[in-house]
Amino acid sequence: MHITEPAEYAILGLLKSRPMHGYEMFQQFENGTLRQIVHLEMSQLYAFLKKLERLQYIEAQLESQGARPPRRVFQLTEAGHDVFLPWLTEPVEKPRDIRILFLIKLYFIQRWLPARTNYLVEQQTQACVRFLEALEAQYELPPGRATGDDAFFDHVVLRSRIYQTRALLDWLRELHSELDYSRSSSNVKRGL
């Protein structure tokens, strides 16, 4: 068993800041930027918390609430740190994962490893370039024996993936420029 859902990484990222109980984490998803990236139901959150606890990436302590039943407050374990921090700086392999996984990485890397943000964007750009080159190489291959509707649809799908990857590359390059500008502006403000 291992992490399979983007929300599980987001939970680890939230718990990196401080211990929280489940409802508090749910509020972080519902009322913050994360809800624009990951949709999460309360029942899913608790299922993910159980799974992360079984993986020993998080642990819970009981916290007294007076007359009410005690609540479980979760915190990141050392194993959770060891999984989460390296994951932040690795690019996603497929462009389709940029919409969720990469954005989660970007959200948390700016909080926990801001000096590595440009590195992540550069690595993601390189991964997209490699992916695009592989797609374009497929496009340049001589047509196989497929004819008719199948060949046409294969062509349409491949072109769609090429155009989507090119658009992602444009966005990543723009993001990199914005990060460079933001960094240079903050250096000017500090007199560096």
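**Note on the predicted chain**

1. Among contacts between residues at least 6 apart in sequence, 60% join residues at least 24 apart. The model is predicted, and the points below should be read as describing that model.

2. The chain contains eight helices and three strands. Their order along the sequence is α-β-α-α-α-β-β-α-α-α-α.

3. The radius of gyration of the chain is 21 Å, whereas a compact globule of 192 residues would have one near 16 Å. The C-alpha trace spans about 75 × 55 × 30 Å along its principal axes.

4. Of the 192 residues, 36% count as buried. The chain exposes about 11900 Å², and 51% of this comes from carbon and sulfur atoms.

5. How many aromatic pairs does a search of the whole structure find? The search finds five. In one of them, the ring centres of Phe84 and Phe108 are 5.7 Å apart and the planes stand at 80°, which is over 60 degrees, so this pair is edge-to-face. Phe84 belongs to helix α5 (residues 78-88) and Phe108 to helix α6 (residues 98-112), so the pair ties together parts that are 24 residues apart in sequence. Phe84 and Phe108 are both buried.

6. Phe108 also forms an edge-to-face pair with Tyr107, with 4.8 Å from centre to centre and 90° between the planes. Tyr107 is buried, as is Phe108.

Notes
Residues are numbered from 1 along each chain as its sequence is written. This is a predicted model: local features need pLDDT of at least 70, side-chain atom pairs count only at pLDDT 80 or more; totals for chains, interfaces and linings use all residues. Side-chain values use heavy atoms; hydrogens and water are left out. Helices (H or I, at least four residues) and strands (E, at least two) are DSSP runs, numbered from the N terminus. The radius of gyration is taken over C-alpha atoms; the globule rule is 2.2 Å times the number of residues to the power 0.38. Buried means under 20% relative accessible area, exposed over 50%, partly exposed in between (1.4 Å probe, protein chains only). Contact means heavy atoms within 4.5 Å. Accessible areas come from the Shrake-Rupley method with a 1.4 Å probe; for residues, only the protein chains shown count as cover. Rings of Phe, Tyr and Trp (its six-membered ring) pair if their centres lie within 6.5 Å; planes under 30 degrees apart count as stacked, over 60 as edge-to-face and the rest as tilted.
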